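Please look over the sequence and the model shown below before reading on.

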Amino acid sequence: MDRLICTGTSYILSCYFTSRAQCHLGAGNYLPTNIDPCLCDHLIYTFAGMEHNMIKAYDRNDEKLYGEFQALKNQSVHTNAYRDDKLKGICGYLYTEELMRAFEEEGKKTNRPRLLLTAAVSARKETIDSAYQIGAVLDYIHVMTYDFHGLWEHNVGENSPLYKGPSDQGSMIYYNNNGAPAEKLLVGFPTFGPTFHLASSNTTVGAPARGPGPAGHFTRQTGFLAYYESSCMLNVPYAYNQGVWVGYDNIKSFQAKTEWLKQNGFGGAVVWTLALDDFTGMFCGQGRNPLINTLKRSGFCAGKQNGLFPDPTDKKKFYKCNQGQTNIQYCTAGQVFDDSCKCCTRSQ
């Protein structure tokens, strides 16, 4: 099989695949074979269980799907050599230092890059204070900046607001202010939205609700719609019809959040999930994976002219920009990128 050449961005883009997507109906059915291996920098399979200190299949067909997911890295070659040949998606809270040491030892024994250690964590202050050690040894911290409102509440609300409303408690800055390096924090971007049954004629954010909205035709989960099941062709953050209210992200909100992410120096974005974007391109009229591609196009080269540019944090690394797309390049050993000649020269 010919390998695909994948370009990257100056930010990390991680994406979750969940095995429950195999249960989506019809055109919503999603398997590892549907994944574009060049779409994201890191691909993460969920879920898996543990039994007798061993990874155990969590859902039906998992062992088959694990193999299909693993095979994706055989289809692509990333231009960023640091990321090539890695299967990501190991997480842990209570024994992170021991796990990191085990990964390092395995890397030395196999002469391969060590596995990355990441964790998906809440954005809510009360959960952070009671459950996490913010300074834990992790490569990246995936902050779940979504699920701020949902079917458990009696008022409608946005799933993932950029700015806090009166009842919103989440904070990315809280991690940064308490010891987590900003470059390790990945901002959560949801490709789904909560639905509610309205309890009155009030349709504004915060309006009273009498329960979760109906399940989507493809995802079949009460109080929940994939982006492609919602009113994705409307350039608004929420919609309502016949007493049902849905709040969701769209291309415009993803763009605004990406600018905020870059302004605050965070490490990148993490998407939940691949299967809930318009992965076929047949529902929203915005092409395939419109939300995730919005993140992918928001890299170093966004808004820059074609050419070569140095990486301000790594003298061996430079960016090749072409039509706004970011191609990460490295000088060979013993060389650094010289911006005056736009070339690699011998390091002094």
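How many disulfides does a search of the whole structure find? The search finds four disulfides, a disulfide being a pair of cysteine sulfur atoms within 2.5 Å.

## Basis of the values

This is a predicted model, in which local features need pLDDT of at least 70 and side-chain atom pairs count only at pLDDT 80 or more, while totals for chains, interfaces and linings use all residues. Residues are numbered from 1 along each chain as its sequence is written, and side-chain values use heavy atoms, with hydrogens and water left out.

## The disulfide of Cys-15 and Cys-40

The sulfur atoms of Cys-15 and Cys-40 are 2.0 Å apart and form a disulfide, and the torsion about this S-S bond is about -80°, so the disulfide is left-handed. The pair links distant parts of the chain, 25 residues apart, with Cys-15 in strand E2 (residues 12-18) and Cys-40 in the loop between E2 and strand E3 (42-46). Helices (H or I, at least four residues) and strands (E, at least two) are DSSP runs, numbered from the N terminus.

Cys-15 is buried at 0% relative accessibility, and Cys-40 is buried at 1%. Here buried means under 20% relative accessible area, exposed means over 50%, and partly exposed lies in between, with a 1.4 Å probe and protein chains only.

Cys-331 is joined to Cys-344 by a disulfide with an S to S distance of 2.0 Å. Cys-331 lies in the loop between strand E19 (325-330) and strand E20 (335-338), and Cys-344 lies in strand E21 (residues 343-346), so the pair ties together parts that are 13 residues apart in sequence. The torsion about the S-S bond of Cys-331 and Cys-344 is about -80°, so this disulfide is left-handed. Cys-331 is buried, with a relative accessible area of 9%, whereas Cys-344 is partly exposed at 27%.

A disulfide also joins Cys-341 to Cys-343, with an S to S distance of 1.9 Å, and this link is left-handed, with -80° about the S-S bond. Cys-341 is partly exposed at 36% relative accessibility, and Cys-343 is partly exposed with a relative accessible area of 27%.

## Helix H5

Helix H5 (residues 251-263) has 13 residues and reaches 19 Å from its first C-alpha to its last, close to the 18 Å expected at 1.5 Å a residue, where the expected span is 1.5 Å times one less than the number of residues. Which residues of H5 are buried? They are Phe-254, Lys-257, Thr-258, Trp-260 and Leu-261. These residues cover an arc of only 165° around the axis, which puts them on the same side of H5; the arc is that of the directions from the helix axis to the C-beta atoms. On the other side of H5, Lys-252 and Gln-263 are exposed.

The cover over the buried residues of H5 includes strand E10 (185-190), strand E16 (268-272) and helix H6 (290-296). At the start of H5, a side-chain oxygen of Asn-250 reaches to within 3.2 Å of the backbone nitrogen of Lys-252, and just after H5, Gly-265 takes a positive phi of about 75°.

## Ser-160

Ser-160 is placed in the loop between strand E9 (140-144) and helix H4 (173-177), and this residue is buried, with a relative accessible area of 7%. A polar atom of the Ser-160 side chain lies 2.5 Å from the backbone oxygen of Thr-145.

Leaving aside neighbours within four places in sequence, Ser-160 is in contact (heavy atoms within 4.5 Å) with Thr-145, Tyr-146, Phe-148, Gly-188, Pro-190, Asp-249 and Lys-257. Among them, Lys-257 is also one of the buried residues of H5.

Notes:
A polar contact is a pair of N or O atoms within 3.5 Å; within protein, one must be able to donate a hydrogen and the other to accept it, and residues adjacent in sequence count only if both atoms are side-chain atoms.
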